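User: I'd like to learn how to read a protein model feature by feature. Could you walk me through this one?

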Amino acid sequence: EHAQRLGAMLSNPSMFVANTNHGVMQNLGLLELAAAFPALPQAAQYQRLALDRLAKQLPFYLSSEGVVLEHSAGYQFHGAVLTGYLVRVLQASGATVPSELQVAHQNSLEFTARLQRPDRLMPLLGNTYRYAWRLPRLLSVDSDVWDAALRKRESFTSIFPVAGATVWWSRETPIGRPSHTVVTWGQFPG
């Protein structure tokens, strides 16, 4: 009964928050309900609804470059985790993972790696906290490989014009320490 009540709330169009990560989490909740309770009469309907919503939501939640469009390093990390959970729940339930979702997740991981510093801190941009950000094991990202890639990466400049962001990383600077600069720009009404 509780699962049915949750499903009714999560699938209610008047309660759906389409323009933020909250809507992504609502869709994840519907997919988890469908996977955990396949005997629910609405399980298949919940999965279809979540996938339909995601197909409409992903293009304005994540840029084609993998940048979460909520303009925060913390939200970027959260978006990489959320899209990873979506992929894993669909895989676990035996459903086909939409290619757009798979690509969005991979791109979000790549942009997250650009933002993350070798000590795993994220730049204090927007709603971001100062601690070492670690991807959950469920996403099948090898933590040691991730750490090594962050520590050994070469200097780079990356511009993400669709999202309105650029990231510079320099291993060598005149003061003998690495430098990491992140700049965002743009106005996204609504």
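Analyst: Happy to; we will go from the overall layout to the salt bridges and then to the cavity. Keep in mind that this is a predicted model.

User: Let's begin with the layout. Which elements are there, and how do they run from the N terminus on?

Analyst: The protein has six helices and three strands. Read from the N terminus, the order is α-α-α-α-α-α-β-β-β. Along the principal axes, the C-alpha atoms fill a box of roughly 65 × 40 × 30 Å.

User: And how much of the protein is buried?

Analyst: Of the 190 residues, 43% are buried. The accessible surface is about 10400 Å², and carbon and sulfur atoms account for 57% of that area.

User: Now the charged side chains. How many salt bridges does a search of the whole structure find?

Analyst: The general idea is that side chains of opposite charge can pair when their charged atoms come close. Here the search finds two salt bridges. In one, the side chains of D147 and R120 meet at 2.5 Å, N to O. D147 sits in helix 6 (residues 143-152) and R120 in the loop between helix 5 and helix 6, so this pair ties together parts 27 residues apart in sequence. Both D147 and R120 are buried.

User: What about the salt bridge between R134 and D147?

Analyst: The side chains of R134 and D147 meet at 3.9 Å, N to O. This pair, too, links distant parts of the chain: R134 is in the loop between helix 5 and helix 6, D147 is in helix 6, and they are 13 residues apart. Put together, R120, R134 and D147 form a network of salt bridges.

User: Why does D147 count as buried?

Analyst: Because its relative accessible area is 15%, and buried means under 20%.

User: Last topic: how should I read empty space inside the model?

Analyst: Rolling a probe the size of a water molecule over the atoms shows where empty space is left. In this structure there is one cavity of 30 Å³ or more, and the largest cavity has a volume of about 90 Å³.

User: Which residues lie nearest the centre of the largest cavity, and what is its lining like?

Analyst: The lining has 13 residues, with V67, F111, L125, A165 and T184 nearest the centre. Helix 5 (99-115) and strand 3 (179-184) each contribute at least two residues to the lining. By type, the lining divides into eight nonpolar, five polar and no charged residues.

Note on methods. Residues numbered from 1 in each chain as written. Predicted model: local features only at pLDDT ≥ 70, side-chain atom pairs only at ≥ 80, totals over all residues. Heavy atoms only, no water. 1 Å grid on protein atoms, 1.4 Å probe; cavity = no way out; pocket = protein on both sides within 12 Å on 5 of 7 lines; lining within 4 Å. Points joined across faces, edges and corners; volume = space filled by probe spheres on them. Helix = DSSP H or I, 4+ residues; strand = E, 2+ residues; numbered from the N terminus. Nonpolar A, V, L, I, M, F, W, Y, C, P; charged D, E, K, R; others polar. Salt bridge = Lys/Arg side-chain N within 4 Å of Asp/Glu carboxyl O. Buried < 20%, exposed > 50% of the residue type's maximum accessible area, 1.4 Å probe, protein only. Areas by Shrake-Rupley, 256 points an atom, 1.4 Å probe, with all protein chains shown as cover.
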